[in-house]
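Hi,

Here's the structure I said I'd pass on.

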Amino acid sequence: PRTARRRGDMLSSTRQLQRAVPRGFPAVAVETLRETLASQQVFSRDASSLPVTYTGRGTGGRSSISGITSTVFGSSGFLGRYVVNHIGKSGSKMILPNRCNENARQHLKVMGDLGQIVHLDFSIRDADAIKYAVERSNVVVNMVGREWETRNFSFEDVHVTFPAKLAEICKEVGVERLVHVSALGASHANPSKYYQTKAAGDDAVRAAFPNATIVKPAKLIGTEDRLLNVFAEHTCKFPLAPLVDDGESKHQPVYVDDVALAIQAIVEDEETAGQTFELAGDKVYTMEDMLRFVQKTIRTPGYPKILYVPSFILRALGAPHEFLLRKVPFPLPTPTGLTKSYIDAQSVNYLKNPRAPGFEQLGIKPAKLEGVVIDYLRAFRFGGYDAGDVAGHLQRQKS
């Protein structure tokens, strides 16, 4: 299999040839000299124990060479763009397989230095395309996932079959590191099919690529999130914001950029190989706590405004939409909270195992939710975008 050592040897030989052979020299003479240099090599080092960064050059910025060539699947998603940004600006070459048009992926091109980021069109069902995407890389990151099923892609397709196929191909072509992003709460016992298939995918990856690193982030918050933004949107649109059952499902929401920094650290640290990391915030919130926090942040008149809806009613309301998602050959608007997998997931808690490695082992202090959301929830404020900077500002003004 191809190794980082061979790439380093090739680079060294190329530099020797550039010094030894004048420009324009016949190709046959160049090849003869290459063979001569190879025959004079009396010692070769086994690169199996070397870190993927051992060919790094420079000070570590975007114009350096980190020694990493990474293929990142799921780069156009919520978490993906942050991961590409951090790995790219550290001087890594990146191959980004996706099925987006140029408008949906052009923002990723500028996250690395000139020529360092390459887009590839691919399908998760095309083994040849997957192999072509990873065979040049020493690190592969998989963040492909989806929150509801459609006619074209089921949870099994995205969370189980593709990760298993990817892990097998990575093992076959000699990829040195595989980082697979799952979800905190992934379990065969979880009532939600989303988390069940995530757990099955983790098992398949570990079976095919035992040295893979599995990352399980908690609920992600950030500018493009589908959690707090949804709470704010529902509060603005409806007289009462709906919650499943009593809203007592517990979570440790985490800032998306912290998770991206953790993935970058995992990619660059050989000691993380074979481990499972659970990445969660320091504070525990129920779904009701988060909804109340959002409504307080956006200055909701008459706060709190909450409608507790029994899960069986939401399942009945969402059943026709769920049926159509699997039948129609075109995309349907899918509100967060109306899918069966989301509703089923609200009956359990999603808390980090205290014994599992997490941010602390990677040297990262996760941001507090209160210090992050104020910026991106301002647009929902009932008093206008600039209606104060802290909760309760309007009430103090009125008094």
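Predicted model: local features only at pLDDT ≥ 70, side-chain atom pairs only at ≥ 80, totals over all residues.

Let's start inside. The largest nonpolar core has 37 residues, and Leu79 and Ile263 are the ones that touch the most other members. Several elements give two or more residues to this core: helix 3 (78–88), helix 9 (256–268) and helix 13 (359–362), along with strand 2 (93–98), strand 4 (139–142), strand 5 (177–181) and strand 11 (276–279). Helix 9 gives the most, with 7 residues.

If you click on Leu79, skip its neighbours within four places in sequence and you'll find it in contact with Met143, Val181, Leu220, Val256, Val259, Ala260 and Ile263.

Next, helix 8 (residues 228–237). Here 7 of the 10 residues are buried, so the helix is largely enclosed by the rest of the structure. The buried ones are Leu228, Asn229, Val230, Phe231, Ala232, His234 and Thr235. What do they pack against?

Finally, go to the outside. Phe312, Ile313 and Leu317 form a nonpolar patch on the surface, and together they have about 320 Å² of accessible area. Leu317 sits in helix 11 (residues 311–325). With a relative accessible area of 55%, Leu317 counts as exposed, because the cut-off for that is over 50%.

Cheers

Note on methods:
Residues numbered from 1 in each chain as written. Heavy atoms only, no water. Patch = residues over 30% accessible without salt bridge, like charges linked within 9 Å, V, L, I, M, F, W, Y side chains within 5 Å. Areas by Shrake-Rupley, 256 points an atom, 1.4 Å probe, with all protein chains shown as cover. Salt bridge = Lys/Arg side-chain N within 4 Å of Asp/Glu carboxyl O. Helix = DSSP H or I, 4+ residues; strand = E, 2+ residues; numbered from the N terminus. Buried < 20%, exposed > 50% of the residue type's maximum accessible area, 1.4 Å probe, protein only. Core = buried A, V, L, I, M, F, W, Y, C linked by side-chain atoms within 4.5 Å. Contact = heavy atoms within 4.5 Å.
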